[in-house]
Amino acid sequence: MGNMETVLFYGFAATALAGAAGVLLSRNIVRTAVWLLATLAAAGGFYFLLGASFVGAVQLIIYAGGTLVLIIFGVMLTARDPRVSFEPRRIEIAAGALVCLVLAGALVWVFLGTRWYQSPIAQRDGQGIARLTSAQIEALAPGVKDRLTDLDAEGTANIGRQLLSTYLVPFEVVSLLLLAVLIGAAYLARPRVPASPKIGSGAGPKEGRA
Amino acid sequence: MREHGQPITTPGLVIPDPVNYDIGREKVVETDSDLRTEEMLINMGPQHPSTHGVLRVMLRTDGELILEATPHIGYLHRCAEKIGENVQYHQFVPYTDRFDYLAAMNNNLAYAMAVEKLAGIEAPKRAQYIRVIVAELNRIASHLVMFGTYGLDMGAFTPFIYGFRERELILDLFEAACGARLTYSYVTIGGVREDLPEGWVRKAGEFLDYFQPKIKEYNDLLSYNQIFIKRTANVGVIPADRAIAYGLSGPVLRGSGVKWDLRKATPDLVYDQLEFDICVGEGRMGQVGDSWDRYFVRILEMVQSARIVRQALAKLPSGDYRAKVPRLLKPPPGEVYYETENPRGQLGFYIVSDGSPVPYRLKARGPSFCNLSILNEVAKDCLLGDIPAILGSIDVVMGEVDR
Amino acid sequence: MIAHIDYIPFFSWPEWLEGLIVMIAVYLPFVCLVAMFGIWWERKVSADIQSRHGPMRTGRWHGWAQSPADGLKLLAKEDLIPVAADRPLFRLAPYLSFVPAFAALVVLPFSARFIFVDMPISVVFLFGILALEVLGVILAGWASNSKWALYGAMREACQIVSYEIPLGLSILVPALAAGTLSLAAIGEQQGGGLHQWLAFRNPFLFVSCFVFFIATLADCKRSPFDLPESESELVAGYHVEYSGMRWVMFFFAEYAVMYILSAVACMLYLGAWYDPFGIVLWMEKAGYVWSSAVIGAGIIIVKAFTLVYVQMWLRWTLPRLRIDQVLSTCVKVLLPLACVNLIGAALWSWLVPAGWAQLAVQVLLTVIGTGGFLFFVGVLVRAMLSRRQGLRLTLLTPWHAIPVAEPPPGPEPASNG
Amino acid sequence: MATDIAGKHPHAVVAPDAWRAAAEFLRDDPELKFDYLRAVSGVDYPKESKLVSVYDLISTAYRHTFAVKVETPRENPHIPSVAGVWPTAEWHEREAYDLLGIVYDGHPNLTRILLPEDWQGHPLRKDYVFPKEYNGIPCASTVNP
């Protein structure tokens, strides 16, 4: 077993698969949320392994920290019974299975079709990086290790520069979209119960709540 | 032996919980948008940090919003009135300590005055002055407890410690006077149980000099604290007419701007020879009658009480401290209803006597009993965080609610 | 030894093992020590504020052994799980809340040399990991199936939605001023003397330092924002059903996050591991590598604990805000302020030339900053001094004790109180 | 309508069916203005076999006090409730019902307030027999019952 990276990779892959299976199979909606957390964290782990730590950290923030909290928050407020559970009928299972098959087929086809990027070191000696020990890598390409941290830093800076240069327009459009979503959500959840004048708003001296 | 996970009840005896939990379970708040939330029924149960004793408030909430708050009382019911019908007049005095256990002197005073009025006994001058001094000191001690626990309800721990530091000194004074720290039974029918030991008056004066600047410290610590104001101003507003209609009394009534104090309205003791003024809520930090007003009225009352005690100490006459009262007191047949101004409101005694040494009927009207009855109307449409604010400002003592 | 462990990929099995050993041997005891010291110190600070002594008995000098004693007691306590609780989630929640707090230490530099992993984006990583800590709290509230815990969890979810954006923005402001996202690099820029500290670089950073501090208060659920575990309303909030070691996990997580966020605040704003006079920087340049690293670590820990002291000071004096007030303060006050700081800092670093104008502003802000700090230190010292001649508790010497007849002329002295 | 102004507790006796109108009159009459109901006390007179409900009133405007007694037979005591006139009566009347068994007609929520909901008997009645046990919990002391 050459270096630690492959071990970690298989570890993350296993958690991702287990999480995905858990999301599918578990009855209790909060448990699905926890399994989802496992998959998302594993996805973050992949990015770290690939050296793109910025994308990994952003994945953690947005998915694990943000969306998951909102899912759990939504579940807690509206679940009729604290432990709501699904009893899918046969028809639903069959339809679900069909859709999964179609999706799986498409994924596999794309997976086989693409030409994966081969790092120059692996192309030169032909046996792929996974089975090399760090000493052998050092021999093949002197100084690659400490360049890696700078590579990553460059990558992050690169993302920043491209976001505000080549991809500026989509960046602005997405921010406008999010703004619209924010206002829509606020409108939907406006206070339904008319706030009677007595409601304590503590709005400071001499100004009761209208 | 109870295995792990077994429900913890004595085998074969499951006390039926009278409340059925599924009222309002199905009733869902109809909303125009498709966002439906479900009501929840919460037991702010007998054991809860901010209910000041064994009070259960059944809250029907929708998220943080309170739709209904029905208090369930009776956990501390000791049938004092039934005992009152089987016990002689003198023997009932210790029971009156246990009504409002934070102001036992004032309870004894109310009962003693009622019986004296029934039996036509007149307490000597010195006894009346001692009664005023002791009652007002107990009012300061009781308000200090309110100040401490109200800070605790709002999340500030320090006021509690400072409030109890001063209360310790008052309890030392009471211990010197009658030997007890909480249930004194010091004021009895006809006067006071024992005379004040010598040097007590000087020590009481010393305490007042030490206590006067402390009130400014309390105001800096809690009253004018911005977060405390945000938490209490405009919260639990009780308009004056509703306060009178619900029979509120004491600082809760005065907090709503009603200028009503029994010490001025029916001055029986020597209150008419001492000048002090009634503190009323003026809505300084929000609407008149909000929780901050009720709290601040009590702080002002502490200042007034200190002023009363200082004047009473100066005018304390000599003479005997207790009128001649026969051991087996047999008041003439008749009935009387008498109320005095307790720290929490007006404690009233309705005594019916049929000439025998045992009262025929003895009814105690607890101020907290009436003050608590307005909780449901005030707590509607407020947030869960406001319940401790409202309950703390009404300052309920369960001893006199359940009697 | 642990100087610069390379990046995760391409390192071999023994190097990974070495990292693990360091993690267990150095960081785990460090977190436990920080938590235990924090608990003991909080009790001492609260006692000091309330003019009482705090723990004095266990372990002779000022009850230093109080926290380990509590730890042992809690170890022996029975870990109850409510009958209707969601067992696996109930057990998972405390670990889900402790692990992120512990993982955040990976990127937290203690001095120029003592960094476990010098990640180029350690600031963003730290922010991502700390966002996970909330999930543990929410799951704890949900899984213990008690209405109070559910309320605590919902309040925590509301709170995170409101304070996370100001926290994130006020982390970005110093990164933007320093030009890098790596904590170590930000730290290294604040070496030479007090005016080099990032908090005094421009007025926007100065304000953003306070915004960050308030957001950290909300993050570790302290003082005015401690709604998820508010005793007076929700009995004990999300950890109401926990006891024994599970409850300790939550407690450790809280104190660990308190220390970490204070350390990050010092790292970003208050001159990381450098002292105000530039001595450590001079030592680093003059080659005393190891001694400067150790002193630097000491300085950062002391600075972090001063900030922790301020958090405790706030907790024991201020009452608690209500949930809608917390939301409105975070969203209506902190968020716009954080945005203004971000834009202002960006414009500032673009417009103001690095010459004497920048230096003048830095010196001015330093004067304001140190003036405020010394004022508060003065308040503390005056409080310390004025407490000495406080009143004896009982105003009344037991003068009413009945005079005892002439005590027998035995050796023991006449004892009357 | 016997009235006894002298003595220590000036009061008037009102018949139950006229009590509701009298209550509204007492509260709204400009000279009287009894807007503050201090206490509602139930008293049991087994010898005359009647239950009396005593209402103590005071006017915050004129500071004069007055009491009203309403008598009902002991077998099925019915008194019209004045919870509508003075809301404070709501809890006091529930307590009188709880401890003495006086039924107040028209009361919004006439249930026991101090004793558990399923308690039998009304303790403050003179002929009340102390129960031996309540739902299996022994009440009287087993040493000397």
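In chain C, 14 residues of domain 1 are in contact with 17 residues of domain 2, contact meaning that the C-beta atoms of two residues, placed from the backbone, lie within 7 Å. This is a predicted model, where local features need pLDDT of at least 70 and side-chain atom pairs count only at pLDDT 80 or more, while totals for chains, interfaces and linings use all residues. Residues are numbered from 1 along each chain as its sequence is written, and chains are lettered from A in the order in which they are written.

Domain 1 of chain C covers 18-76 and domain 2 covers 78-351; such bounds come from an automatic or database domain assignment. Taken over C-alpha atoms, the centres of these two domains of chain C are 20 Å apart.

## What domain 1 brings

On the side of domain 1 of chain C that touches domain 2 of chain C, α1 (13-49) and α2 (66-76) each supply at least two residues. The largest share, 11 residues, comes from α1(C). Helices here are DSSP runs (H or I, at least four residues), and strands are E runs of at least two, numbered from the N terminus.

## A look at chain A

Chain A has eight helices and zero strands. Of its 210 residues, 18% count as buried, that is, with 20 or more other C-beta atoms within 10 Å of their own; 12 or fewer makes a residue exposed, and in between it is partly exposed, with C-beta atoms placed from the backbone.

Take Ala157(A), which sits in helix α7 (residues 144-164). Ala157(A) is partly exposed because 14 other C-beta atoms lie within 10 Å. Its C-alpha atom is separated by 9.6 Å from that of Phe54(A), 103 residues away along the chain.
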